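The sequence and the structure are shown first.

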Amino acid sequence: MAAGSFRRSIASQLSKVLDLPPENLIKSISAVPVSKKRHVADFQLSIASIIENSSGDCLAQDLDLQAQQLAERLKCDSVVSAISAGPGTVNFTINRELLAKTVLQQVWKDGSEYGVKSELFSAVPRQKAVVEFSSPNIAKKFHIGHLRSTIVGNFIANLKAVLGHEVVRINYLGDWGMQFGLLGVGFQSFGSKEKLKSSPLQHLFEVYVQINKAAEDENTKKLAKDFFRKLEEHDEQALSIWQQFRDLSIEEYIRIYKRLGVHFDEYSGESFYQEKAQEVLKMLEDKGLLQKTIKGTGIVDLSEKKDLSTVSTVMRSDGTSLYITRQFFIISFRDLAAAIDRMNKHSWDTMIYVTDKSQSNHFQHLFQILKLMGYDWAERCQHVSFGLVQGMKTRRGEVIFLEDVLNEVRSRMLQNMTSTKTTKETQDPVETAEKVGLAALIIQDFRGLLSSDYQFSWERALQSRGDTGVFLQYTHARLHSLEQMHGNAELTDVNVSCLQESDAISVLQHLLRYDEVLYRSSQDLQPKHIVSYLLTLSHLAAVAHKTLPVKGSAPAVAQARLCLFHAARSVLANGMKLLGITPVTQM
């Protein structure tokens, strides 16, 4: 990694002066963010971060003074061309030609793995991660929370995979419960086999809405209970109908997820754990964890003092386990059974659940109960929560299905592309519009903290200028077009002395920081760090594209600039793919 070789060189010199091992200093040396002032160093050492490792007589001194004294003891060499002291930092400027040569070579050599091979990840063990995300309820609305869960979970799975971890992507469907009693009865009254096959999600939702209107009728309620009882008793006819609902729905999901660029290794669901849930019930009873209230409701005491101040409800008073109950902070035996089963099946090192923040209590209780049951690996379970999105509607009104959103964004983007003068003729404008539109959705969603609520705006998301996904796609397509127009860049015999302009240096400095940004996102699983980095990269590349023309320049200059733009496009594409965006080459 380019930044890595420079960090090691700086750490080596520092270790001799500070009498500390170089490896203790590596993470205290960071690439300096590019400034509009332009005159910034490439790396800085934070004095505060190494104080705990310093000798005692330095602790009381002023950080700025320590920085000044340390800077005076260090010397420039073939790697570092300038050393200066800042507020509590020592700043290092890399030899400009070496900077250009090293960065370009590293991006060229590592390709899609640029940033991943950094020593920042050397101490991070390769693990097996299970990521559960998306998880819609069959026959119910695919609401915007499921869309957020889908793109956030996909990002986390992508990031884990790129960093060398083994990833299992699970879609845990809401495919069991009393709504299937209603759905079974409803389909007999309102269903159509033709509509079910052609548009299963839409048709099952329509049937569910219709039967719910009739559900106030006592006879309908009885029929629904009877149908669901038959399901639980494995009645062949009832199971056959349910299985058809489930299979056709999954086929439709797979087709739609493909448009999003999302895939799953497993389509699991609550139905899988009907029998295993009974085993969990017995375990809770055997361990003395299951208690009954006066009303007969089954609870687990989670309070530290065991005074029932914090309890989790796990069973109804009629003795039945709870089904689709995450939204009410009630723990289903099925959720407990699913967690245990996944450990037995996958022997994972970490399991991540991606849902909205309203379910935080649910997962907190789930992990606590697993721990009480003796499963210490519950500490390695993690809930990544996200906030609510307001205002996402199609022209026809409320969003019900994911496909409504995809069709809407494609339609709006196609309209924008058609009316924009700068739009070039593309081979497949519809597919391009979809990819650019998806980038717009993802970037608007990922710009802030995942836990934050935000107001969705089609107009803001689809702007071609500013910090948007459309701008990222436009920058990538523009840089790709530049390479196509002037021939692909060749790294051999590049004259790096031709890349000494401030705009070229800014791009190179920014490319240096990519591994640190990846590392930060890997620590907190927040995509906003990568989004911010890519937007800055695109703005820097746009400026350089204007001020550093390839056309009309001397051959050596043109070749060097092509290599610079190739490196920027390569890293831009890597980051976009991590976020779940497919870069376009024309637009």
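## Strand β11 and its partners

M351 stands opposite C381, a residue of β12. The two strands concerned, β11 and β12, run parallel and are joined by six bridges. The structure is a predicted model, and every value in this report is to be read accordingly.

β11 also pairs with β5, which spans residues 128–132; this pairing is parallel as well and comprises four bridges. Here A129 stands opposite T350 of β11. Seven of the seven residues of β11 are buried, so the strand is largely enclosed by the rest of the structure.

## Helix α14

Helix α14 covers residues 360–372, a length of 13 residues. From its first C-alpha to its last the helix reaches 18 Å, close to the 18 Å expected at 1.5 Å a residue. The chain continues just after α14 with G374, which takes a positive phi of about 100 degrees.

The buried residues of α14 are H362, F363, H365, L366, F367, I369 and L370. They pack against helices α12 (274–286) and α13 (333–346), and also against strands β9, β10, β11 (350–356) and β12 (381–386).

D301 has V311, in β10, as its bridge partner.

## The crossing of α7 and α9

Helix α7 comprises residues 178–190 and helix α9 comprises residues 200–214; their axes come within 8 Å and cross at roughly 95 degrees. Angles of 65 to 115 degrees count as roughly perpendicular, and α7 and α9 are therefore roughly perpendicular to each other.

On the α7 side, the residues that meet α9 are Q179, L182, L183, V185, G186, F187 and F190. Their counterparts in α9 are H203, L204, V207, Y208, Q210, I211 and N212.

S268 is located in strand β7, residues 266–269. Its relative accessibility is 2%, and S268 therefore counts as buried, the cut-off being under 20%. With neighbours within four places in sequence left aside, the contacts of S268 are I170, N171, Y172, L173, D175, R246 and Y273.

S81 is located in strand β3, which spans residues 80–86. At 40% relative accessibility, S81 counts as partly exposed. Leaving aside neighbours within four places in sequence, S81 is in contact with C76, T93, I94 and N95. N95 is 14 residues from S81 in sequence, while the C-alpha atoms of the two lie 5.0 Å apart in space.

## Helix α1

Helix α1 is formed by residues 2–18, and its 17 residues should span 24 Å at 1.5 Å a residue; the end C-alpha atoms are 24 Å apart, which agrees. After α1 comes D19, with a positive phi near 55 degrees.

The buried residues of α1 are A2, A3, G4, F6, R7, I10, A11, Q13, L14, S15 and V17.

## The chain as a whole

The chain has 587 residues, of which 56% count as buried. It contains 22 helices and 16 strands. Along its principal axes, the C-alpha trace spans about 85 × 65 × 35 Å. Among contacts with a separation of 6 or more, 71% involve residues 24 or more positions apart.

Three domains divide the chain: domain 1 is 3–94, domain 2 is 128–283 + 327–390, and domain 3 is 412–579. The C-alpha centres of domain 1 and domain 2 are 51 Å apart.

Definitions and conventions. Residues are numbered from 1 along each chain as its sequence is written. This is a predicted model: local features need pLDDT of at least 70, side-chain atom pairs count only at pLDDT 80 or more; totals for chains, interfaces and linings use all residues. Side-chain values use heavy atoms; hydrogens and water are left out. Two strands pair if DSSP finds at least two bridges between them. Domain bounds come from an automatic or database domain assignment. The expected span of a helix is 1.5 Å times one less than its number of residues. Buried means under 20% relative accessible area, exposed over 50%, partly exposed in between (1.4 Å probe, protein chains only). Contact means heavy atoms within 4.5 Å. Axes are lines fitted to C-alpha atoms, for helices over the stretch in contact, and angles run from 0 to 180 degrees between N-to-C directions. Angles under 35 degrees count as roughly parallel, over 145 as roughly antiparallel, 65 to 115 as roughly perpendicular and the rest as oblique.
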